[in-house]
Amino acid sequence: SGVVDGEICPEGLDDYLRYGFVVQPRTILRGVRMMEPGTATVIEPGCASRSWRYAELPAAEQRPIAAADAARELREVLDESIALQAFADAPVGAFLSGGVDSTAIVGLMRPHIRALHTYTLAFPDCPDADESVDAALTAKVYDAEHTTVAVTRDDAAGTIAQFAGDLDQPSIDGFNTWLVSRAAARDVKGVLSGLGGDEWFGGYGAASRMAAIGCPSGLGWRLGGQVAHLVRQLIGGETAGSRLDVLASKRSVLTTWLAAHRVFSPREVAVVTERGVADGERVRFEALLDGVRSDWRSESAIGLASLLDARVYMGSQLLRDSDATSMAHSLELRVPLIDRRVAAYARSVPDRLKIRCPSARSGGNGLGGKRVLLDAVRDLLPAHIVGKKKRGFALPYAAWLGSSMRDIALDASASLATHLSSLVDGRRAARVVEHELSQPGGQAYPKAWSLMMLGLWAESLAAVRGQATRWAA
């Protein structure tokens with residue numbers, strides 16, 4: 001449009017390299033900020049703009065309640081949310097993976113949709129990442145008209161640049177939603193997604209680890225993490241330093257959450273950008289939480305995980321990417337599990353009904369979350385879904401980067417020397433990608449993927465700048 005110059009915000013770029021997304025209200029562009037959630041702003045000619053908060057995340061008001069009663073009440077709330085969001089004057093379908101949340105949504109939608117369309121991705125040359133069989137079985141149980149979108153390695157490589165161009169700022173996520181939205185948009189105008197279940201009900205592994213670190217028996221981890229953090233300030237970035245980073249992340253529940261969302265460490269960001277190590281990450285997130293709820297310091301570890309997941313991870317990446325990638329295909333994405341009543345009810349449920357009491361010795365690993373949600377929808381889950389190990393809506397990133405996308409990743413990271421030369425050392429970025437692609441065990445995600453996406457996005461930005469210049473002329 002020419003309204004802004006399109007210069008990159010260094011702090012936004014640092015966010016992307018650290019977490020794989022830009023933490024709102026920052027954006028990747030200098031001088032451009034996201035509006036805060038639940039906030040209204042009025043801008044009038046000749047007047048100062050004014051803003052006010054009209055909504056905030058619900059308070060954590062845990063109440064004593066039996067597990068069966070909590071599940072029954074939650075089911076009533078879910079029934080209402082699905083009924084409202086399935087209502088439309090145009091066809092509405094659903095994304096369907098092999099997991100609990102999307103399966104429950106399809107089951108709750110069934111009474112409200114006469115011809116229910118469901119969509120899932122399949123990866124015929126990457127069977128380990130393929131849940132399409134489970135999704136198809138679920139669709140058959142609910143008599144849905146099901147579409148399986150087969151995505152080969154060559155398909156992914158042929159569309160990744162278009163996907164990067166459809167994002168107005170880089171992200172390491174969202175390609176899955178872009179791919180399945182492209183197919184769904186041929187049949188329906190809207191879809192329901194399962195976003196929100198993990199965030200409200202402790203479904204992510206980070207929530208279990210935070211609970212373990214925050215409990216009384218986690219004191220040893222917290223003290224050891226403090227010592228490791230102090231020692232880490234005195235040494236370089238060798239292997240020993242990386243191991244200390246892991247231990248240092250356990251010094252608090254907040255740093256445990258940050259570590260779970262880390263792509264590049266601050267020192268690695270400094271190497272790629274040739275800028276000094278930015279300090280104050282913890283202080284920054286504490287200030288961000290102050291703007292979410294002033295009473296956040298009284299939250300339990302699981303409650304704090306929910307606030308961070310909802311405000312930062314979901315708000316800055318999952319919801320943002322889902323909106324951009326679905327609307328790239330003119331598809332409206334609806335999120336019934338993020339309904340305000342669902343959120344308020346989830347915040348009232350005792351922690352013990354979300355995650356089993358964790359053990360500090362285990363570090364919180366292997367603990368099942370979302371207990372009350374599972375109980376609320378158990379009758380909707382077909383036998384092949386019940387008891388299935390949790391998997392995210394993930395893509396076979398490593399397999400693609402090791403084959404059809406290898407050259408794309410190398411070329412895109414090298415192009416950073418041209419498109420972001422003042423902010424990124426393109427040669428170092430390319431060496432990082434080469435190193436990650438050479439590692440055994442398929443560890444190229446997220447580092448190599450993130451630099452590839454940054455390069456592809458920068459190339460699309462250059463094309464947009466050129467187009468804007470031609471329009472101006």
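Quick ground rules. Residues are numbered from 1 along each chain as its sequence is written, and side-chain values use heavy atoms, with hydrogens and water left out. Since we're on a predicted model, local features need pLDDT of at least 70 and side-chain atom pairs count only at pLDDT 80 or more, while totals for chains, interfaces and linings use all residues.

Okay, aromatics. The structure has 14 aromatic pairs. Rings of Phe, Tyr and Trp (its six-membered ring) pair if their centres lie within 6.5 Å; planes under 30 degrees apart are stacked, over 60 edge-to-face, and the rest tilted. Take Y19 and F21: a tilted pair, 6.1 Å centre to centre with 35° between the planes. Y19 and F21 are both buried, where buried means under 20% relative accessible area, exposed over 50%, and partly exposed in between (1.4 Å probe, protein chains only).

Now, why is the pair of Y397 and Y445 called stacked? Because the ring centres are 3.9 Å apart and the planes are at 15°. Y397 is in helix α17 (residues 397–401), and Y445 is in the loop between α20 (426–438) and α21 (447–472), so this pair ties together parts 48 residues apart in sequence. Helices here are DSSP runs (H or I, at least four residues), numbered from the N terminus. Y397 counts as buried at 8% relative accessibility, whereas Y445, at 27%, is partly exposed. Both tyrosines belong to a cluster linked by ring pairs, along with F123, F163, F175, W178, W400 and W449.

On a 1 Å grid over the protein atoms alone, a cavity is a set of points where a 1.4 Å probe fits but cannot get out; a pocket is an open set with protein on both sides within 12 Å along at least five of seven lines; lining residues have an atom within 4 Å of a point.

The whole structure has one cavity of 30 Å³ or more. The largest cavity holds about 50 Å³ of space, and α3 gives the most to its lining, with five residues. Its lining includes L78, D101 and L337.

The second largest pocket has a volume of about 850 Å³. It's lined by 26 residues, and P37, G38, L57, L319 and I338 lie nearest its centre. Which helix gives the most to that lining? That's α14, with eight residues.

Key. Helix = DSSP H or I, 4+ residues; strand = E, 2+ residues; numbered from the N terminus. Points joined across faces, edges and corners; volume = space filled by probe spheres on them.
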